[in-house]
6 protein chains.
Amino acid sequence: MNRELLTWFNGRLVPDSEVRIHHTDSGFSFGHNVTDSARTFGYRPFKLKEHIRRFYRSMSVARINPGMPPERMEEIALEVLEANLPVLDPDGDVWVTQTATGGRMRSTIGRFEFDRPGLLIATLPLGFADYAHLYEKGVHAVTPSTRHIPPQSLDAKLKHRNRIFFTLAEFEVKEVDPEGFSLLLDIDGNVTENKGANFFIYRDGRLRTPTTRNCLEGVSRATVLELAREEAIPAVEEDLQPYHVATAEEAFFCSTSYCMLSVARYNGNVLGEGRPGPIYRRLIGAWSRRVGMDIPDQALRGAAV
Amino acid sequence: MNRELLTWFNGRLVPDSEVRIHHTDSGFSFGHNVTDSARTFGYRPFKLKEHIRRFYRSMSVARINPGMPPERMEEIALEVLEANLPVLDPDGDVWVTQTATGGRMRSTIGRFEFDRPGLLIATLPLGFADYAHLYEKGVHAVTPSTRHIPPQSLDAKLKHRNRIFFTLAEFEVKEVDPEGFSLLLDIDGNVTENKGANFFIYRDGRLRTPTTRNCLEGVSRATVLELAREEAIPAVEEDLQPYHVATAEEAFFCSTSYCMLSVARYNGNVLGEGRPGPIYRRLIGAWSRRVGMDIPDQALRGAAV
Amino acid sequence: MNRELLTWFNGRLVPDSEVRIHHTDSGFSFGHNVTDSARTFGYRPFKLKEHIRRFYRSMSVARINPGMPPERMEEIALEVLEANLPVLDPDGDVWVTQTATGGRMRSTIGRFEFDRPGLLIATLPLGFADYAHLYEKGVHAVTPSTRHIPPQSLDAKLKHRNRIFFTLAEFEVKEVDPEGFSLLLDIDGNVTENKGANFFIYRDGRLRTPTTRNCLEGVSRATVLELAREEAIPAVEEDLQPYHVATAEEAFFCSTSYCMLSVARYNGNVLGEGRPGPIYRRLIGAWSRRVGMDIPDQALRGAAV
Amino acid sequence: MNRELLTWFNGRLVPDSEVRIHHTDSGFSFGHNVTDSARTFGYRPFKLKEHIRRFYRSMSVARINPGMPPERMEEIALEVLEANLPVLDPDGDVWVTQTATGGRMRSTIGRFEFDRPGLLIATLPLGFADYAHLYEKGVHAVTPSTRHIPPQSLDAKLKHRNRIFFTLAEFEVKEVDPEGFSLLLDIDGNVTENKGANFFIYRDGRLRTPTTRNCLEGVSRATVLELAREEAIPAVEEDLQPYHVATAEEAFFCSTSYCMLSVARYNGNVLGEGRPGPIYRRLIGAWSRRVGMDIPDQALRGAAV
Amino acid sequence: MNRELLTWFNGRLVPDSEVRIHHTDSGFSFGHNVTDSARTFGYRPFKLKEHIRRFYRSMSVARINPGMPPERMEEIALEVLEANLPVLDPDGDVWVTQTATGGRMRSTIGRFEFDRPGLLIATLPLGFADYAHLYEKGVHAVTPSTRHIPPQSLDAKLKHRNRIFFTLAEFEVKEVDPEGFSLLLDIDGNVTENKGANFFIYRDGRLRTPTTRNCLEGVSRATVLELAREEAIPAVEEDLQPYHVATAEEAFFCSTSYCMLSVARYNGNVLGEGRPGPIYRRLIGAWSRRVGMDIPDQALRGAAV
Amino acid sequence: MNRELLTWFNGRLVPDSEVRIHHTDSGFSFGHNVTDSARTFGYRPFKLKEHIRRFYRSMSVARINPGMPPERMEEIALEVLEANLPVLDPDGDVWVTQTATGGRMRSTIGRFEFDRPGLLIATLPLGFADYAHLYEKGVHAVTPSTRHIPPQSLDAKLKHRNRIFFTLAEFEVKEVDPEGFSLLLDIDGNVTENKGANFFIYRDGRLRTPTTRNCLEGVSRATVLELAREEAIPAVEEDLQPYHVATAEEAFFCSTSYCMLSVARYNGNVLGEGRPGPIYRRLIGAWSRRVGMDIPDQALRGAAV
């Protein structure tokens, strides 16, 4: 790759390495930021409208005004993608990421006054090598002692970058397995989500996923529920506890980047058959058909490069 | 001020405007950062060792290794201050701020690998104009509906910049009073702290402040407790509820920048006499004597410039 | 109005001004009371049977025995209404209120002995002027810091007059907006209800209302669910958080007196379009058709008198 | 007793039977009221100033303005007592009760407007017969399933008449023992208080009483702590659980009327020796000396009349 | 009965009186055990496969490996039953119980090492006399102050013998009624289960039972739901509070041994009509038809022997 | 060792291998048991009276009547020890364990009737080899996701053998480190205890240990507090969170068998200097002096045999 990728930053396209936030910007110094990311399949964005709609919801809650309607933001995202296509690996795919910050605070004590918000729209390549080998092997889900933040403090449905608690939880998980995936509980002991993924189990004839009380209203989660409907697999949203996970027949994470990864072990114990099961296979197959490519296969080929 | 202030950033002094974090640095994109700030009085740092000690505790919990001992960091801070003195207002004072980030993540799914951490040490001027008028008037403390994050999710004793929940709480407070100060409860309904300050009441002959279960182990808080001991004012750390605040004789916030601000109203009701009371005056007087300057007076003169 | 309204009080009709509870009656001094209120449309009671049924449930839980079957209580209520019709404004309408108290306690320490219970049945006019202007403008919903009482302490499904916590919460709300409507959270941070109304949002194609875990099993709430079924609007009962409200397309309160009022703002932010939306309009229209009068219009005309 | 007792009610002395609250007064219909009661010993009020001080705290939190300073209220209370002395049993004693209500609400939806507050000051005789026999026998403390209301909903330190949850809890207790005394837990399982009394245990050489997080800042509780100090009995305020009670050497309730009653059984099990123990005897002895009369003896003589 | 019943114990059939666990076996000394029990009707096991399946789930969570597949365990259970038939009362029926223990711990501090697990399979007679008289009378359900253990500590879906908290709760219940049945709440105040039974109410036209968040995934509970479906009685799983129980039209417990017992009183108050109601009768009738015997009648005849 | 150790079991001394509990004894089948254990130093029991006193408290709460006073139980324990001395290793030491069970239940449904309780008193050798190597190395404390049972469900101050939740938590810990020591949090995120030990940290000049709200009132814990007093090390009982542990200068567990073991790592991070620190050394030294032997040295010599 000879030319650097370009990112839209506060009104213009700049080399991505120049997209830097000043240390006194509220987006960094007060964590006053929100974000959202779609991905492409064959460089066609998947559910970009849904991601941008959620991004506008996040900005509304965080009281950040982007100064443009969602339709315009979608156009810009497509323009950024278009601009970067020449330098992108033709067999790869990208994240399509929007991030907004509150701007520099003019007063930090007493009155609340911000400069105009910051906005960036980037299309960075997916990192197939990080996870391609996990499609067949499945992942090891581990529940750390750290609990998810309750919604009366900070709602998991708001998508932002204040993720230090996820990072600290992940450190605990890596003590069990350097490739472990965190599966956090809420403060009542219900299963919630991974730092970057929603979670499903299959048990007693039904696909089950936590309600969104303590997890993201994931676009991938919605996709899994759509695919289950198409495949006539009954699915419910309900409170789940670790006992449910430990005694599930199958379990998987779903996320924008890798779509779905099966859970082979939970807290050191084999889960179900210890490998991707039939429900997982049907759903990732259906997803692959919908986007016109074999999702695990693309990652494996991409990782091999 | 002709010359720009300099900030130590990853090993060298640069103009502060160049101290920017890339959007994919974990310190921004995963909120993987910690920070701490002392202030100066007459450009002599106050309790800098205590702030740096707490900063090392924060880095240890966040598993960020600064690559230097605390003594060296203190030296650098003093060097930065020294370098900036020529361009600083002789009647002003500065924050002495350390911030560390986790560095760019090499893998965001599966393994957990970071580039080397980022570190910045800055000495930026205090913003007297924001709060000088509040010393005599007192502030309006308002309890929002948002609750502080419980320690099993993210401990308030860890000082970092993942403060979006504080910002959202502050928005609620500003609906009541554009200059209101948030006073958050924890999820059990106990009083905790302001987004940037600890909190005390005086009631029934004793100074009372929340335990650090759900608030920062504030250096200013410790200073108030020391001054109270010197002034023979009995003081306890205990759970407090809004009823205690509403029926207190006096209340105040304490923070690195303004040291102490009295609370004149709470949730719209007058608190005590509705103006700085005798206990507040004794303590801020003792603090002023300790640092050799009249703290409110400096701010008022600075704000008038 | 020349003659005073009559109220049934412990067995006979008396002028309403004489319906007073002695300060040592347990209904006042121990809050040992339950209550329920229907309203009329064109002086025809609406769902009076349902209200009286719930009143009997409340009396059963509070261990107050009214000494008559529900059918007899309904007859008395209709007799009171009949007796008052001559002095009521022909264009107005009334509350139909039942209240029972535990009676004077013969012993307050040790044994638990009560005199016979008190019972009153009143038909007082609705106060159109209080809220008529809010039908078109919509209301400002505000979430105070006070949380609803959890059901293990006192169940919100029991309808009584021990409402001081609602009053204290409302004082907080009035600091934000003198006409604000409280929308309380439960101690887990879920949305519950207003001091006198249930709550709905419309979002993602579905009408959503909190379960009755922490709110009244409202008769108006049941009416809205019936009307939604008739109008083929999908509806669910589920846990909702402030994020849901802030990102809803529409929201409204429902209550016996005003039936439905749309929410235009939430915690200072515009909600949806900031005015009564299409779902609200369909439902209040359907309700109006069911009772044979334009509900907002009656209130507006009544308020103008 | 030929002449009826007089009570001060909204500005004048009236026969107590005429002190009645209208059913639409917010003090009844919204539970918007606060109260406090001292008692006399030989018709000399005990700690009346402390009770009135707490009453003013309660009124301040409930935003009820009595329109007079505490000194004037104390004078009125003494005048009421003086006026009633001729008709009171010379060997008896009275409650000295203040109660305030919010007044009639002019609007119950939208704006919050009240007529002027109601205020009553009464001196009614203590009911010795209810509890005199319990001084020697001790009481049976029973923990019901109902939990005390948490302070984030309604603070137990605020003294009001919204006590239906206490009444419902007491009904549970009376199923175990018709003379049982409720001892409620908070929602975390800590011991709190009885519906009208604070609670102490003696265990491992120390008197222990719950903190006031979830119980009244009782004037009798403060008296017990003073007496313990005088008697050199170490005392602490701390979280207690039912295990502590079940394994205590002694336990007792304290309240304005009966001062102290020992606990002989807890949840059906004998507690300690099953009768008033040495610590209880020392403390009630010290209290009796302080007020110049044998407290249990007065009650026994009064009950025998 | 001349010959003693035989029980399968660690590989062979022995007289049941010899089935004893050493005091240092982890199954006793650390409570490291799991269990499950089916019953027979006319000595035909009912849903034995379901019980054994749940037993394998429990063993998996408790990390106890029985060393045989579920099919083999079922065979053994049938063999034990067969072996005991000659000495069993022809009109009676038996429990079919599996219990596994972790085995003796070789190290209790530091490393975690166990000897091979213990396993017993027993077929002991049902105790009709304990409960036969309750079919017609109904039972008295009582809610104790003790709360069910939350799933983040120990999941109620895991079936083991660490039931001391149930026993302590039951002692509280027996203070109210020597034949009372405990109905525990969870720590949020939701209804859960009896120490050995699930719980249902019928209210507002629907059968309602708590979700399995805080209670066993009962095989009898599943049977009731199946029978309700067959009988076209709408049924839901949802959070229930004591208010729901107190205001229910009917309520009943269901358990392996007695199948279903109606609730006649709740916390001392009559529930519904105070005797087995029509829904209960339909369901127990349907259950009786399914197993080919009148269930209450068998118990009554058995108890009369 | 030629002859088997003898254990007192329901009234007589029997070979320990014959001390077995029948599978239908409530002590096994309902977990209805309590226990306590002292240890000897040079075969002199240490604080046996304190252990037996706590055992009587446990039996009282569990409503198990041993049929003898504590003085008699102490005599029996000494007799058992005496009887076993001839066959015990002269350089070893023993546990002195009392365990009581509720006896066989005569009815498990409806009435609550037990046969007479079971009681055993055993003196089994300490297992030095399990932990001797940890005195110098220190242990790795790990916080699992499982939370301690809250006291409103089952109080940690009651000492019994229903420890399956501790075992499940320990399995999680062993996934991190096969020799890891669990350090459980309570459901509020406060540090509690290890499955068999209390916990202390040293930080900011004070020894700190959790209150007994959620942990055993440990006899070893009391010993550490006594030794600290003698050594003039300030000590407090207070709520601690994982942040406190991670930033402590020292930490250690204390337990009857090993007395004290230092914590070298916490959740994978080095704690303090990563080896036994000066405060630990002073305290274990003081303990050794009190019992007249070098405690770690005895274990090391014993393990080497």
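This tour goes through chain A and its domains, then moves on to pairs of chains in a predicted model.

Domain 1 of chain A brings 20 residues to the contact and domain 2 of chain A brings 14 residues. On the domain 1 side, show strand E4 (33-41) and helix H2 (48-61) of chain A, each of which supplies at least two residues that face domain 2 of chain A. Which element gives the most to this side of domain 1 of chain A? That is E4(A), with eight residues. Now colour this side of domain 1 of chain A by residue class: six residues are nonpolar, eight are polar and six are charged.

Leave chain A and select chain D with chain F. The contact between chain D and chain F is made of eight residues from chain D and 11 residues from chain F. Colour the chain D side by class as well; the side that touches chain F has three nonpolar, three polar and two charged residues.

Show chain A with chain D: no contact joins chain A and chain D, and their closest C-alpha atoms lie 13 Å apart. Then show chain C with chain F. Chain C and chain F do not touch either, with 13 Å between their nearest C-alpha atoms.

Definitions and conventions:
Residues numbered from 1 in each chain as written. Chains lettered and ligands numbered in written order. Predicted model: local features only at pLDDT ≥ 70, side-chain atom pairs only at ≥ 80, totals over all residues. Contact = placed C-beta atoms within 7 Å. Nonpolar A, V, L, I, M, F, W, Y, C, P; charged D, E, K, R; others polar. Helix = DSSP H or I, 4+ residues; strand = E, 2+ residues; numbered from the N terminus.
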